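Student: I am new to this structure. Could you take me through it, beginning with the ligand?

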Amino acid sequence: MTDDMPQQLAALETPAVVVDLDRLDRNLARVADYAANHGLAMRPHVKTHKSPFVAAAQLRLGACGLTCATPREAEVMAEVCDDILVAYPPVGSARARRLAALPSGVRLTVALDSEDAVREMARAARDAKREVAVYVELDLGMHRVGAATVDAAVALARRVSETEGVRFDGIAFYPGHVREPIGEQDAQLSALDLALSRAIERFHDAGLPPRVVSGGSTPTLWRTHELPGVTEMRPGTYVYNDRGTVVTGACGWDDCALTVLATVVSTAVPGQAVIDAGTKALGREPVRGDSGEGFGQLQEHPEVRVGRMSEEHGILDLSETTWRPVVGEMVRVVPNHVCVVVHLNDVAYGMRGERLERRWPIAARGREIPSA
Ligand SMILES: Cc1ncc(COP(=O)(O)O)c(C=O)c1O
C-alpha cells in the first residue's frame, strides 16, 4: 500500500472509483477457469479496466494476450504484455503508424474490414520493418463493423495474404447484438453458430484456413463453448461487471466489483437525496436502452436508483425505500456501464473487506499522444 494513501473509505475524496479486490479476484479466476476448461484462448479486452495492474493479473491467470481498442491502450499494455490485438480498424495513417511503433518485441495483431485499412497498416508495418498479423472482421449480426458477406471477407483475407507487411492470421467477430438474458440466447447463438461454421468452411475452401477465430463478449461469455468454431474469447466487462451485466444474468449482484463512492450533499428537497456523482462520474448510459431504469443503483440499498443527473449531481430516488440518508453520508453506486465510468476517472482504489489496500492509475485512459 502507498504510504500516503488513506486506509478507510471514509477518508477518500468523492466521487471516487472503488474496486472490491475479493470480487475482482473472483471474477478474474472464474472466467480464466471457464476458458481453460473449454480449451479456449483467453484474450480479455482491456477497455473495461485500462490498467496494467489488472492486465497483469489476467496474464498471470493464463490469458494468451490482450485486446485493445485504442493506440493508447496498446502502448500502455505493451508494458506488461507482448501479444496485443487491436480489435479496431487501423484506419488513418496516424493510427496505423502509432500501432506500428509499438515495441518490436510485441506481437501485434489488428482486426480490420477494408482494403484501405490493409493498405495503411501494411505501409506503416513495412516502414517500421515489422510484420503485423491480421484478423479479418466479419459482421455476424452486430451491424457495426465487419465484412457484410463471407465472399467479401475471403477476398479481403486474400488481399492481406498478398500484401507485404501484413499476414492473414484469422477471423474475428463481436456478438455485441446478443444482449438477452443468458437463458434466452438460444436462437441467436444457433444463428451465430451456423453463420460462423459456414464462414470457417468457406475460408478453408478458399485455401485460407483461419488459425484463430476470435469472438466473445460478457453477455455471451458462459455460452462461448456453444460456438465450437471459436478458438479465442475476448470478454472485457466481466472483470468488474455492472448493472447491465446483472440484467443479462452473466453475473450476480454480488459480482459487481466496482462502485462509485459518493457523498450525500443535499437532502433539502423532500423525497430525494443528492450525491456528488452525476454524469461526469457515472456517464449517462442506459441499462437496456431504457433511461427509466435510472443511471446507477446503490450497493447497500439496491432499491435506490440514481433517477436523474446533472453534471456533478446525482438525484437518488427515495420513493421505494425507508432509508433516509443524511448529508455527509457516503454511498456506493453500482454503475450501469462500468467501462465508461472507468474512462472518466484517473485513479481506482482497491479495498479488501473494509480497508483500502492499494490504488492504481487508470493509465490507458484518454488519448495521450506519445512525445516525438
Ligand atoms: C471488439 C470487441 N471485443 C470484445 C469486447 C468485450 O465485450 P464485453 O464488454 O461485452 O465484455 C468489446 C466490447 O465493446 C468489443 O468491442
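Student: Which residues are closest to the ligand?
Tutor: The closest are Lys47, Arg144, Thr218, Gly236 and Thr237, from 13 residues that surround the ligand. A residue is near a molecule if one of its heavy atoms lies within 4 Å of it. This is a predicted model, where local features need pLDDT of at least 70, side-chain atom pairs count only at pLDDT 80 or more, and totals for chains, interfaces and linings use all residues. Residues are numbered from 1 along each chain as its sequence is written, and side-chain values use heavy atoms, with hydrogens and water left out.

Student: How many Å is a polar side-chain atom of lysine 47 from an oxygen atom of the ligand?
Tutor: The separation is 2.6 Å for lysine 47. For arginine 144, a side-chain N or O atom is 2.9 Å from a ligand oxygen. Tyrosine 174 has a polar side-chain atom 3.4 Å from an oxygen of the ligand. A polar contact here is a pair of N or O atoms within 3.5 Å.

Student: What share of the ligand does the protein bury?
Tutor: The protein buries 90% of the 390 Å² that the ligand exposes when taken alone; these areas come from the Shrake-Rupley method with a 1.4 Å probe.

Student: Changing topic, is leucine 189 buried or exposed?
Tutor: Leucine 189 counts as buried because its relative accessibility is 4%, and buried means under 20% relative accessible area (1.4 Å probe, protein chains only).

Student: And what is leucine 189 in contact with?
Tutor: Neighbours within four places in sequence aside, leucine 189 is in contact with Thr220, Arg223, Glu226 and Leu227, where contact means heavy atoms within 4.5 Å.

Key: Buried < 20%, exposed > 50% of the residue type's maximum accessible area, 1.4 Å probe, protein only. Polar contact = N/O pair within 3.5 Å; in protein donor to acceptor, adjacent residues only side chain to side chain.
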